[in-house]
Number of protein chains: 2
Amino acid sequence: MVEANLTATRDGPPRAREADEPRDSVVVRFGADQPLRLDAGVSLAPFQIAYKTYGRLNEARTNAVLICHALTGDQHVASTHPVTGKPGWWDIMVGPGRPIDTERYFVICSNVVGGCMGSSGPSSTNPQTGKPWGLEFPVITIRDMVRAQAMLLDHLGIERLFTVVGGSMGGMQVLEWAATFPHRVFSALPVACATRHSAQNIAFHEVGRQAVMADPEWRGGRYLVEGTNPRRGLAVARMGAHITYLSDAALHRKFGRRFQDRDNPTFSFDADFEVESYLRHQGISFVERFDANSYLYLTRAMDYFDIAADHDGVLSNAFKDSPVRFCVVSFTSDWLFPTSESRAIVHALNAAGARVSFAEIVTDKGHDAFLLDEPELFAIVRGFLEAARKACGLEP
Amino acid sequence: MVEANLTATRDGPPRAREADEPRDSVVVRFGADQPLRLDAGVSLAPFQIAYKTYGRLNEARTNAVLICHALTGDQHVASTHPVTGKPGWWDIMVGPGRPIDTERYFVICSNVVGGCMGSSGPSSTNPQTGKPWGLEFPVITIRDMVRAQAMLLDHLGIERLFTVVGGSMGGMQVLEWAATFPHRVFSALPVACATRHSAQNIAFHEVGRQAVMADPEWRGGRYLVEGTNPRRGLAVARMGAHITYLSDAALHRKFGRRFQDRDNPTFSFDADFEVESYLRHQGISFVERFDANSYLYLTRAMDYFDIAADHDGVLSNAFKDSPVRFCVVSFTSDWLFPTSESRAIVHALNAAGARVSFAEIVTDKGHDAFLLDEPELFAIVRGFLEAARKACGLEP
């Protein structure tokens, strides 16, 4: 089975091989007897989850922290990325002595189902055919991702998480954890997210998907089988999305209207402005590490996310009598998941009688602030975990 | 010359023919002896401008109103569009008894140079080759558009405009008119615009251009010659841009998270949500009436726009001792050209000692508000023109 896939993708980019045999990761394979039941009404079996851990699980198994990654993230949260060679995406937050202290906590980060870094997704081998799934892979939801993570915790023998934390799509998973498995989570830290995707968010995602699907090399999703790669479409999708991750002010501060390597315009369609050059680089480098179909599946999962809709249209029903301790964080300049969305979470949690604190961090860095050097965020995460640790009676 | 073009595009879409022989328009052809001198340092000659007029020029030739169109607009401001069959794009604003009253004013609207509705642009026939210009067409600027409009006014025997008015890219032209030809403009009404394109604006445009250029049918800009059409790329560009024309609130009000023709998600990549279906329609219908290369040229012109840079970096220098009466209008929910940009215009005009009034209209309709049914905008335009008419001594 694995053999077949390697053959199919021998000439493909490293990304494609990563889907079945991810480097520097642990893979847990769930057999036909352990299906993942999906919101779409079908089951996925067998399937696999790729993950990384950092730090050590204590004897009582009570110090586990699950980190949920965002749309284009993966399990390589705090160690060198095997494809890009770059530091982990939350290296600044996770490690010895860092706010999420790996000398204290057992940190788990798994690639979401639907992803392309070793958990089952559209670029994985379909065991029924021996070929990459492509669009035959079932459409997944945020809740499906969380169900798969719960199965991973079962496998690891962890009954309850000390905390679950994540930003953006990761924050959606955090909220879904609290809604679906309230007794398996002691505390939850959703950052820069919302309980549902807005019309504008869906619209931006749809443009990205159309950019991918407009690329003739996408081949109706069969590009891995046909040996093509919709890199141009995916790069355009990434460029557009990247704008939404930054604020107008941050773009102005970083680039303004400065020309790239020149003083005057060239009067051409070259990347005259620094911001153009930067965006093109973002698009090109993304394509080297990410799978186009995964991009479709994960954006779709975010679009479908609507916790209230899953609870008779009443958001607070999702958190009724929740035992979870919440800390909700937003950023002033985040226009993709603005503070108003975080306030809606807080109001629902208050209405549900849950314990919640809320912090809006003043920054001009936009949505991406959760990934960047934001001392206030570090202080909040550190303080919240410290307080939760005491409340939990966790040593030391 | 025209003959050659018709041959070349006989099997092309109507759009391509419109470039040389626009329907329902007047065309003025400037010969080799009347070149348009461009900011790029070259001259365009011969060239042509397609325009429409409404109302009657008075004997003193003092009642002319120039309307400048936006990125995807054209000369068909208040009469049926020959390609789409739809009403003019500012029908609601221009006509007998309307705020820009064609019983009182002589309204002129010309297709900008670089456009695709009959003024010389990349889809026009290059007289040197007898084939469509494509990327051989020189890159143009907002000031070039205005210079061409000034030549049109010379041709019409109009020394001074009673007013020049426009929104978005049209507003940029209005500001450029006041900066470049202050003594040919009695009053100016720039709506929802800025004196320069921001880094975020450039970024969005660059994504659109990359979407067009990523389409293999674009053929390095030679699609008209090669008989292809980058419709998918242009549709994606339009979809992305369209989001920026609306506010988050307007998208939420119009579509929210409603499903299209169903109650539940299909768990597929169909246009499940109404907002997806709407965007796809916007993309598809745009391609039927617009030229992909023109889209590149006009977005580029907007990106290059920076009035301060043309005046030693000091914006107020552009309007020093300006005799023009200004009325600047912005919309609260316009995040593409936010009110802060309009305030910067007003501050520069104040610093320059110019006469200016300013109105920020409260609306949730976003940037596109200038094209929509905004009674407050109608009242402002009517009131400003009325006051200017009295100040000018214009009868009746």
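Predicted model: local features only at pLDDT ≥ 70, side-chain atom pairs only at ≥ 80, totals over all residues.

**Chain A as a whole**

Chain A contains 12 helices and 14 strands. A compact globule of 396 residues would have a radius of gyration near 21 Å, and chain A agrees because its own value is 21 Å. Along the principal axes, its C-alpha trace spans about 60 × 55 × 45 Å. Buried residues account for 57% of the 396 residues in chain A. Among contacts in chain A between residues at least 6 apart in sequence, 71% link residues at least 24 apart.

**Two domains**

How is chain A divided into domains? The table shows the bounds.

| Domain of chain A | Residues |
|---|---|
| domain 1 | 2-200 + 306-392 |
| domain 2 | 202-299 |

The C-alpha centres of domain 1 and domain 2 of chain A are 24 Å apart. Their contact takes 37 residues from domain 1 of chain A and 26 residues from domain 2 of chain A. On the domain 1 side, helix H2 (14-18), strand S10 (131-132) and helix H5 (199-214) of chain A each give two or more residues. By class, that side has 17 nonpolar, 14 polar and six charged residues.

**A helix in chain B**

Now turn to helix H4 (residues 169-180) of chain B. Because 11 of its 12 residues are buried, H4(B) is largely enclosed by the rest of the structure. Among these buried residues are Met169(B), Trp177(B) and Ala179(B). The elements that the buried residues of H4(B) pack against include strand S5 (64-68) and helix H3 (142-156) of chain B.

Notes: Residues numbered from 1 in each chain as written. Chains lettered and ligands numbered in written order. Buried ≥ 20, exposed ≤ 12 C-beta atoms within 10 Å, placed from the backbone. Helix = DSSP H or I, 4+ residues; strand = E, 2+ residues; numbered from the N terminus. Contact = placed C-beta atoms within 7 Å. Rg over C-alpha atoms; globule rule 2.2 N^0.38 Å. Domains from an automatic or database assignment. Nonpolar A, V, L, I, M, F, W, Y, C, P; charged D, E, K, R; others polar.
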